[in-house]
Amino acid sequence: MPTEGLLYTIIYSPIGELLLAGDPTGLRHIQFKDRDFTPPLDWQAVAALPYPVAEQLDSYFAGHLRGFDLPLHPQGTAFQRKVWAALAEIPYGETISYLELARRMGNPNSVRAVGLANGRNPLPIVVPCHRVVGSNGALVGYAGGLPIKRMLLALEGALSPQLDLF
C-alpha cells in the first residue's frame, strides 16, 4: 500500500481533529487525530487538499450533507475495496449488520472477512463504516471509538434504543 508523497491537512470537527490525506487522484485517508499518528516525513502539509473534502465534512457535521461527492483513492486489496464499495451503498441514517453486509456482497459466510475489511476502511465517515452494527443491533467496533460512532449515528438520526447496547 504505497502512501509516499501524499498531501495532508488537519481539520477541526465536532468529533475532534481529523487528518485528511490524498494524492492528486483522490482522498486516501481520514485519520482520527486523537490516535497516536504522525504523518510520514515525505507527506506534504497543505492548507487544503485539491478537492472539497473539508467543506463537505463541515456540511455533513452541520446536518446539511447526506452523501459525499469526492474523488476517492483508497488503497487496499480487491476484497477490501469491494467491501468499502458496499459500505458506500448503505444509505444515510440507516444501519445494517456485518452479516447483512456480507449477504449484500453475495457471500454470507464471509462475515468475518467483511468485518476485518470494514475495520481497515481508510476513509471513515466518507465511506460510512459507522453504519455497520452487530447482529443484535449493538454498537461494536469503530476506529474512532464507540462514542464517535454513536455521535455519527445520532447526527444521522440512526440511533434507536437497541443501538445503545455494548
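1. Read along the sequence, the chain runs β-β-β-β-α-α-β-α-α-β-α, which amounts to 5 helices and 6 strands; helices (H or I, at least four residues) and strands (E, at least two) are DSSP runs numbered from the N terminus. The model is predicted, so that local features need pLDDT of at least 70 and side-chain atom pairs count only at pLDDT 80 or more, while totals for chains, interfaces and linings use all residues. Residues are numbered from 1 along each chain as its sequence is written, and side-chain values use heavy atoms, with hydrogens and water left out.

2. The radius of gyration, taken over C-alpha atoms, is 16 Å, which agrees with the value near 15 Å that a compact globule of 166 residues would have, the globule rule being 2.2 Å times the number of residues to the power 0.38. Along its principal axes the C-alpha trace spans about 45 × 35 × 30 Å.

3. Of the 166 residues, 46% are buried, that is, under 20% relative accessible area with a 1.4 Å probe, protein chains only. Among contacts (heavy atoms within 4.5 Å) with a separation of 6 or more, 60% come from residues 24 or more positions apart.

4. Helix H2, residues 78-87, has Gln-80, Val-83, Trp-84, Ala-86 and Leu-87 buried. Seen down the axis of H2, these buried residues fall within an arc of 160°, taken from the directions from the helix axis to the C-beta atoms, so they line one face of the helix. Their cover includes helix H3 (98-104), helix H4 (111-119) and strand E6 (132-133).

Definitions and conventions. Buried < 20%, exposed > 50% of the residue type's maximum accessible area, 1.4 Å probe, protein only.
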